[in-house]
Amino acid sequence: FVLSETQRGGGPPLHTHPVEEAHVVLSGRVKYTINDSVFTVQAPYIVKIPPNAPHTFMNVSDTILNLVGVFGQDDFGPYKPIGDNPLGGK
């Protein structure tokens, strides 16, 4: 599990890892890119991220984004950044 509190406009770089991941969005509004899809969700929401899929997110709410990242294995493998966050932000 990974707990995230992300400020408005914040989010990780575009990246991959070799295991499935799910995000449980507890509060806030978040924009995602996963593979070639770009979409926005409002909490409460669950997002499934396939293994090896290039993905990232950005907090697009006016408050702190709270989410829990859940991985399909104890070790989520190598985190591989592959570029800047294409959604903009900080």
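This is a predicted model: local features need pLDDT of at least 70, side-chain atom pairs count only at pLDDT 80 or more; totals for chains, interfaces and linings use all residues.
1. Residues are numbered from 1 along each chain as its sequence is written, and side-chain values use heavy atoms, with hydrogens and water left out.

2. On secondary structure, the protein chain has 0 helices and 9 strands, where helices (H or I, at least four residues) and strands (E, at least two) are DSSP runs numbered from the N terminus. The radius of gyration of the protein chain, 12 Å, is close to the 12 Å that the globule rule gives for 90 residues, so the chain is as compact as a globular protein of that length; the radius is taken over C-alpha atoms, and the rule is 2.2 Å times the number of residues to the power 0.38. Along its principal axes, the C-alpha trace spans about 30 × 25 × 20 Å.

3. Of the contacts in the protein chain with a separation of 6 or more, 77% are accounted for by residues 24 or more positions apart, contact meaning heavy atoms within 4.5 Å. Leaving aside neighbours within four places in sequence, Leu87 is in contact with Lys31, Tyr32, Thr33, Val38, Thr56, Phe57 and Met58. Leu87 and Thr56 are 31 residues apart in sequence, and their C-alpha atoms are 8.3 Å apart in space.

4. Some backbone geometry deserves a check. A cis peptide bond, with omega about -5°, joins Ala43 and Pro44, and Pro44 is found in the loop between strand E5 (37–42) and strand E6 (45–49). Asn35, in the loop between strand E4 (29–34) and E5, has a positive phi near 55° although it is a residue other than glycine, and at 44% relative accessibility Asn35 counts as partly exposed. Asn52, which lies in the loop between E6 and strand E7 (55–59), likewise is not a glycine and has a positive phi of about 65°; with a relative accessible area of 51%, Asn52 is exposed.

5. His17 lies in the loop between strand E2 (14–16) and strand E3 (21–27) and is buried, with a relative accessible area of 3%. The side chain of His17 makes a polar contact with that of Glu21, at 2.9 Å; such a contact is a pair of N or O atoms within 3.5 Å, of which, within protein, one must be able to donate a hydrogen and the other to accept it, and residues adjacent in sequence count only if both atoms are side-chain atoms.

6. The largest pocket is lined by 13 residues, of which Val2, His15, Glu21, His23 and Phe71 lie nearest its centre. A pocket here is an open set of points on a 1 Å grid over the protein atoms alone, where a 1.4 Å probe fits, with protein on both sides within 12 Å along at least five of seven lines, and lining residues have an atom within 4 Å of a point. E8 gives the most to the lining of the largest pocket, with 3 residues.

Notes:
Buried means under 20% relative accessible area, exposed over 50%, partly exposed in between (1.4 Å probe, protein chains only).
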